[in-house]
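Hi,

Here is the model I promised to pass on to you. Have a look at it first, and then read on for my notes.

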Amino acid sequence: MTAQSQFSGGFQNAPVQAAHAFRAAMTVMARPGEIRTLAGGEAPQPLSVAAGTLLLTLCDPDTKVHLAGAANTEAVREWLSFHTGAQLSAASEADFAVGTWSELGPLGAYRIGTSEYPDRSATLIVECDVLQQAGAQLRGPGIKDTAHLSLPDIPALQANAALYPLGCDFFFTCGDQVAALPRSTQISAEA
Amino acid sequence: MNEYNFAYLDEQTKRMIRRAILKGLAVPGYQVPFASREMPMPYGWGTGGVQVSAATLTPDDTFKVIDQGADDTTNAVSIRKFFENTAGVETTEETEKATVIQTRHRIPEAKLREDQIIVYQVPIPEPLRFLEPRETETRKMHSLEEYGLMHVKLYEDISQHGAISTAYAYPVMVSDRYVMDPSPIPKFDNPKLEMDAIQLFGAGREQRIYAVPPHTKVVSLDFEDYPFEATKADHPCDLCGAEDSYLDEVIMDDAGNRMFVCSDTDYCRSRREAGHKGRLAEENAA
């Protein structure tokens with residue numbers, strides 16, 4: 001069945017599905033705390049629908065992808081390589097990284113950009129068990145007053161935000177749901 | 001038109017632009033370099049905006065294009081037709097009905113909503129470029145947040161003219177970090193840069209994309225004793241009587257007669273349809 005999962009699970013109508021997927025991804029990145037449905041692609045286990053769709057939408061031979069922990073299986077590697085042509089890489093060189101929070105490991109391993117090119121930083125796709133508008137309080141660009149989002153590790157993400165304008169950006173995925181946290185967001189633990 | 005991929009650009013180009021847009025949104029006001037493509041229109045006609053729109057549009061969108069506020073000028077009409085043909089999207093002239101608005105040098109008068117996206121065409125994205133021609137230097141100035149030169153420029157305006165004479169492309173500070181060129185919109189539009197919609201900026205020739213997420217703090221640079229002022233011609237619109245909209249001055253004849261009309265044609269039309277009348281409305285209708 002390896003062959004089947006390698007060739008299946010891509011977009012049926014790439015231009016249109018990728019356009020819808022990008023709009024969902026852009027909306028959540030522009031509005032931290034919002035949760036949107038993101039579907040269309042289906043990567044092999046253990047990747048979620050949302051994570052697989054993000055990879056199909058954003059990755060290609062120009063991007064390096066780090067598969068962390070359980071995501072780094074033969075099936076996922078073959079699927080990613082067949083559908084996107086993305087190169088696999090270590091965390092330190094990755095443009096995108098996928099995995100659960102604990103598998104992705106310390107954020108210090110990822111690129112945070114340079115002061116002259118802060119865009120040259122990694123985007124982490126964090127697989128979550130739950131994704132809801134509750135928990136940490138968010139403020140900053142894209143947020144009217146405040147927003148709330150369940151975050152895996154508030155101190156680590158606060159430290160990332162403190163690097164602004166450097167730092168990593170995050171998508172949080174759970175099933176076919178996606179939310180995002182750019183480095184510009186100020187995070188405080190819910191009082 | 002089936003000869004083209006949806007929205008003209010190939011998928012790999014769109015992915016590259018989409019990645020740049022996401023980084024732009026994550027660092028508001030920072031200019032993300034991107035590999036701008038040649039488009040079937042000349043530089044200066046909105047190639048940057050068109051590429052950003054192409055990467056953003058879905059088939060469900062309703063697309064509006066304005067050029068200096070007008071829906072019916074050559075640039076606006078041709079870009080609208082371009083996406084009608086290559087993306088098959090609905091188009092409209094009504095700001096209310098649009099989900100994606102591409103604009104050259106204006107922000108519509110109607111307040112934009114949460115579910116709308118505005119794409120600006122940008123000629124020179126670097127606000128410091130006319131003060132410092134070297135990209136290596138301006139990049140360093142942004143990285144060090146060294147914007148003294150811009151304040152000196154505004155100060156020199158005051159010392160020479162008695163006021164800040166910059167009337168368009170008025171520099172803004174985005175989210176307390178990056179000084180940004182809001183594209184050559186009149187400074188009348190600057191206060192609208194803090195809006196509910198997503199703002200994307202595309203500069204095709206200069207190969208830069210930048211963005212301002214909704215509800216982001218955008219402050220026009222000024223001095224305590226010379227505060228920023230959003231100015232417009234001190235007239236009501238001669239067609240619809242609006243006193244709150246940005247006006248274009250139109251020379252009527254060789255005798256020096258002139259009229260002022262809303263630059264936002266959709267705003268002016270909807271007001272006239274609602275029965276508002278300006279000084280020359282009757283004459284114009286006849």
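How much area is buried between chain B and chain A, and what percentage of it do carbon and sulfur atoms give? About 3,400 Å² is buried, and carbon and sulfur atoms give 61% of that. Buried area here is the accessible area (1.4 Å probe) that two parts lose on being put together, summed over both.

Before the rest, some housekeeping. This is a predicted model, in which local features need pLDDT of at least 70 and side-chain atom pairs count only at pLDDT 80 or more, while totals for chains, interfaces and linings use all residues. Residues are numbered from 1 along each chain as its sequence is written, chains are lettered from A and ligands numbered from 1 in the order in which they are written, and side-chain values use heavy atoms, with hydrogens and water left out.

**Where the chains meet**

Chain B and chain A each bring 42 residues to the contact (heavy atoms within 4.5 Å). Of the area that chain B buries against chain A, R19(B), L22(B) and K23(B) supply 19%, more than any other three residues. Five salt bridges are counted between the two chains (a side-chain nitrogen of Lys or Arg within 4 Å of a carboxyl oxygen of Asp or Glu). One of these pairs K23(B) with D169(A), with 2.8 Å between the closest N and O atoms. Helix 1 of chain B provides the largest share of the side that touches chain A, 11 residues. Helices and strands are DSSP runs numbered from the N terminus: H or I of at least four residues for helices, E of at least two for strands.

**Cores and the sheet of chain A**

The largest nonpolar core has 83 residues, and F171(A), I21(B) and F83(B) have the most contacts inside it. Helix 2 (residues 14-30) of chain A gives the most to this core, with 10 residues. Another core, of 26 residues, lies apart from it and includes L107(A) and L124(A). A nonpolar core is a set of buried Ala, Val, Leu, Ile, Met, Phe, Trp, Tyr and Cys residues joined through side-chain atoms within 4.5 Å. Buried means under 20% relative accessible area, exposed over 50%, and partly exposed in between (1.4 Å probe, protein chains only).

Chain A also has an open sheet of seven strands, in the order 1-9-8-5-4-2-3 and with mixed pairing. Strands pair if DSSP finds at least two bridges between them. Strand 1 (36-37) and strand 3 (87-88) are the edges, each pairing on one side only. Strand 1 of chain A runs antiparallel to strand 9 (residues 177-181), joined by two bridges, and T37(A) stands opposite Q177(A).

**Two places to look at in chain B**

L221(B) sits in the loop between strand 10 (218-220) and strand 11 (247-251) of chain B. Is L221(B) buried or exposed? L221(B) counts as buried because its relative accessibility is 7%. Among the residues that L221(B) touches are M150(B), L154(B) and V179(B).

Helix 6 (residues 265-273) of chain B has D266(B), Y267(B), C268(B) and R271(B) as its buried residues. Strand 2 (62-67) and strand 12 of chain B are included in what covers them. D264(B) caps the N-terminal end of helix 6, with a side-chain oxygen 3.2 Å from the backbone nitrogen of D266(B). After helix 6 comes G275(B), whose phi is positive, near 100°.

Best wishes

Note on methods:
A polar contact is a pair of N or O atoms within 3.5 Å; within protein, one must be able to donate a hydrogen and the other to accept it, and residues adjacent in sequence count only if both atoms are side-chain atoms. Lists of a residue's contacts leave out its neighbours within four places in sequence.
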